[in-house]
Amino acid sequence: KKLKPSNIGEMMSKLPVIHFQPVENYVEPPEDYQCPLYKTNIRAGILNTTGQSTNFVLHVSLPTDDNPDVWVLMGTAMVTMTND
């Protein structure tokens, strides 16, 4: 499966469950979109001493047919929970 635009008027789309499998020396494929994963859909958080937001979890490599820059410009991100 690949990342595709959402339906018209749809702010959030559900993704299938993702199983993370640790891999040593993982190299992110340059053709994949490195999608940020946040704890909540409020993307702001408090910066900790390492300079990362307390709301940011990690980047997830998502295969796509489009240039990854397309998804960056659209502000595409994943969240673990919504504020609905």
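Let's start with a charged pair: Asp65 forms a salt bridge with Lys2, and their closest N and O atoms are 2.9 Å apart. The term stands for a side-chain nitrogen of Lys or Arg within 4 Å of a carboxyl oxygen of Asp or Glu. Asp65 lies in the loop between S2 and helix H1 (68-73) and Lys2 in the segment before S1, so the pair ties together parts that are 63 residues apart in sequence. Helices (H or I, at least four residues) and strands (E, at least two) are DSSP runs, numbered from the N terminus. The structure holds one salt bridge. Asp65 is exposed, with a relative accessible area of 56%, while Lys2 is partly exposed at 44%. Here buried means under 20% relative accessible area, exposed over 50%, and partly exposed in between, with a 1.4 Å probe and protein chains only.

A word on the model itself. It is predicted, so local features need pLDDT of at least 70 and side-chain atom pairs count only at pLDDT 80 or more, whereas totals for chains, interfaces and linings use all residues. Residues are numbered from 1 along each chain as its sequence is written, and side-chain values use heavy atoms, with hydrogens and water left out.

Now step inside. The largest nonpolar core has eight residues: Leu3, Tyr33, Cys35, Leu37, Val60, Leu62, Trp71 and Met78. Such a core is a set of buried Ala, Val, Leu, Ile, Met, Phe, Trp, Tyr and Cys residues joined through side-chain atoms within 4.5 Å. The elements that give two or more residues to this core are S1 and S2, and S1 gives the most, with three residues. Pick out Leu3: leaving aside neighbours within four places in sequence, Leu3 is in contact (heavy atoms within 4.5 Å) with Tyr33, Leu62, Pro63, Thr64 and Trp71.

Which rings form an edge-to-face pair? The rings of Tyr38 and Phe56 have their centres 6.0 Å apart and their planes at 70°, so they count as edge-to-face. Tyr38 is in strand S1 and Phe56 in strand S2 (residues 56-62), 18 residues apart, and the pair links distant parts of the chain. The rule takes rings of Phe, Tyr and Trp (its six-membered ring) with centres within 6.5 Å; planes under 30 degrees apart are stacked, over 60 edge-to-face, and the rest tilted. Both Tyr38 and Phe56 are buried.

Finally, look at Phe20, in the segment before strand S1 (33-40). Phe20 is partly exposed, with a relative accessible area of 46%.
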